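Have the model open while you read.

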Amino acid sequence: MVFAKGDPGIASLYDKLLVSEELLPFGERLRTKYEETKSLLLQVAGHRDLLEGDPYLKQRLRLRDSYITTLNVLQAYTLKRIRDPDYHVKLRPHLSKEFMESSKPAAELVKLNPKSEYAPGLEDTLILTMKGIAAGMQNTG
């Protein structure tokens, strides 16, 4: 179950955004060890796929995955922005015209933590993503 909840791709995104160059090989080694251990686990269990013996849990995890992945991506970019205030994600053209033309300050759109030392919404976003990921991961969160 723990291996089924692991996501080396998400770990790679965190590395790409947040880890210094000299530490990147460490993350690569961890992901390689994850894949090797997963392969050995499947071999010992006599399965081809993780959670092969528990299709109900496999389905539940699959349903949660898109939400947890979204929260992880949001968290990684939020951490990047907190660590590097000059880092900005470029807006994509698929955003609604109302959003793009909105001149309302963030404080009018969302009630934010007024005591945060970071740009508006960043600390709130980080806390919400932490809670959401932990809730979604449950016993491994």
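The points below go through helix packing and then salt bridges.

1. First, a reminder: this is a predicted model.

2. Start with H4, which covers residues 55-83, and H7, which covers residues 122-137. Their axes sit 9 Å apart and the packing angle is about 150°. Angles over 145 degrees count as roughly antiparallel, and H4 and H7 therefore fall into that class. Their crossing is left-handed.

3. Who touches whom in that pair? On the H4 side the contact includes Arg 64, Ile 68, Leu 71 and Ile 82. On the H7 side, Leu 122, Leu 126, Met 130 and Ile 133 are among the residues they meet. Sorted by class, the contact of H4 with H7 has ten nonpolar residues, seven polar and two charged.

4. H4 has another neighbour to look at, helix H2 (residues 8-18). Here the angle is about 10° and the axes are 10 Å apart, so H2 runs roughly parallel to H4. H2 brings Ile 10, Leu 13, Tyr 14, Leu 17 and Leu 18 to the contact. H4 answers with a set of residues including Thr 69, Val 73, Ala 76 and Lys 80.

5. On to charges: the structure has four salt bridges. One of them pairs the side chains of Asp 15 and Arg 31, at 2.8 Å from N to O. Asp 15 belongs to H2 and Arg 31 to H3 (residues 24-45), so this pair ties together parts 16 residues apart in sequence. Both ends are buried: Asp 15 has a relative accessible area of 12%, and Arg 31 has 13%.

6. Arg 31 also forms a salt bridge with Glu 28, at 3.0 Å (N to O). These two are three residues apart in H3, so about one helical turn separates them. Glu 28 is partly exposed, at 43% relative accessibility.

7. Further along, Glu 35 and Lys 38 meet in a salt bridge of 3.8 Å, N to O. They too lie three residues apart in H3, about one helical turn. Glu 35 is partly exposed at 38%, as is Lys 38 at 22%. Back at Arg 31, shared partners join Asp 15, Glu 28 and Arg 31 into one salt-bridge network.

Terms used:
Residues numbered from 1 in each chain as written. Predicted model: local features only at pLDDT ≥ 70, side-chain atom pairs only at ≥ 80, totals over all residues. Heavy atoms only, no water. Axes fitted to C-alpha atoms, helices over the stretch in contact; angles between N-to-C directions. Helix = DSSP H or I, 4+ residues; strand = E, 2+ residues; numbered from the N terminus. Parallel < 35°, antiparallel > 145°, perpendicular 65-115°, else oblique. Left-handed = near helix turned anticlockwise from the far one by under 90°. Contact = heavy atoms within 4.5 Å. Nonpolar A, V, L, I, M, F, W, Y, C, P; charged D, E, K, R; others polar. Buried < 20%, exposed > 50% of the residue type's maximum accessible area, 1.4 Å probe, protein only.
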